[in-house]
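Open the model in your viewer and keep the selection tool at hand.

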Amino acid sequence: MCDKRHLSFSSESPDDTLAIARALGATLRPGDVVALTGDLGAGKTLFCKGVGEALGIPPDRILSPTFTIVTEHAGPVPLTHIDVYRLSGAREADEIGMRELLSGAGVCLVEWAEKIGELLPTDCIRVTFTISGDGRREIAVDAPDLPGFDDFRARSQRFQPGG
């Protein structure tokens, strides 16, 4: 079992959220799964835009796939963007082939990941969004001890407490 690493961030604006997401995206590799959780409007889709941009996908192509559930983007590193908000849970997700999507050759981003927790790989990167009372977003990232994690920490240091 890999050791887990944890980083906390404070985002004062959408630009901050995008910068944190780009920093993570720059360290992702094919096969990585990023599980995003948080309330409606917390910044999950915006974060996906930043990750996609780091992977060479124009941010305007990344939309909330709420009605389509899965959107696949071709790029230097393929990106699968999944939004399971409208699914009833892991069983329904499994019935539509979620396991295969999660084990694809590119990077996979899953919004509302808590709904399909039992299907997620144990080594996925977990990103949790919390809306603060003053409009800020607190973003927590928990990940296996990946080779790129120190690079991610360095790229995003200004958004960390005391950074």
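Start by selecting Phe149 and Phe152, which are about one helical turn from each other because they are three residues apart in helix 5 (residues 149–155). Helices (H or I, at least four residues) and strands (E, at least two) are DSSP runs, numbered from the N terminus. This is a predicted model, in which local features need pLDDT of at least 70 and side-chain atom pairs count only at pLDDT 80 or more, while totals for chains, interfaces and linings use all residues. Residues are numbered from 1 along each chain as its sequence is written, and side-chain values use heavy atoms, with hydrogens and water left out.

**Aromatic rings**

Stay on Phe149 and Phe152: their rings make an edge-to-face pair, with 5.9 Å between centres and 70 degrees between planes. Rings of Phe, Tyr and Trp (its six-membered ring) pair if their centres lie within 6.5 Å; planes under 30 degrees apart are stacked, over 60 edge-to-face, and the rest tilted. Both Phe149 and Phe152 are buried (buried is under 20% relative accessible area, exposed over 50%, partly exposed in between, with a 1.4 Å probe and protein chains only).

Another of them is Tyr85 with Trp112, which is tilted because the centres are 4.9 Å apart and the planes are at 50 degrees. This pair links distant parts of the chain, 27 residues apart: Tyr85 is in the loop between strand 4 (79–83) and helix 3 (90–95), and Trp112 is in the loop between strand 5 (107–111) and strand 6 (125–131). Tyr85 is partly exposed at 34% relative accessible area, whereas Trp112 is buried at 12%.

Lys44 lies over the face of Trp112, 4.0 Å from the ring centre, and the charged end of Lys115 sits over the Tyr85 ring, 6.0 Å from its centre. The criterion is NZ of Lys or CZ of Arg within 6 Å of the ring centre and within 35 degrees of the ring normal.

Next, select Gly41, Ala42, Gly43, Lys44 and Thr45, which lie nearest the centre of the largest pocket among its 20 lining residues. Helix 1 (14–25) and helix 2 (44–54) are the elements that give two or more residues to this lining; helix 2 gives the largest share, three residues. The pocket has a volume of about 260 Å³. On a 1 Å grid over the protein atoms alone, a pocket is an open set of points with protein on both sides within 12 Å along at least five of seven lines, a cavity is a set where a 1.4 Å probe fits but cannot get out, and lining residues have an atom within 4 Å of a point.

**Cysteines**

How many disulfides are there? The count is zero, with a disulfide taken as two cysteine sulfur atoms within 2.5 Å. Select Cys108: the nearest cysteine sulfur, that of Cys48, is 9.7 Å away. Cys108 is buried, with a relative accessible area of 3%. For Cys124, the nearest cysteine sulfur is that of Cys108, 9.8 Å away, and Cys124 is buried at 1%.

Definitions and conventions:
Grid points are joined across faces, edges and corners, and a volume is the space filled by probe spheres set on the points.
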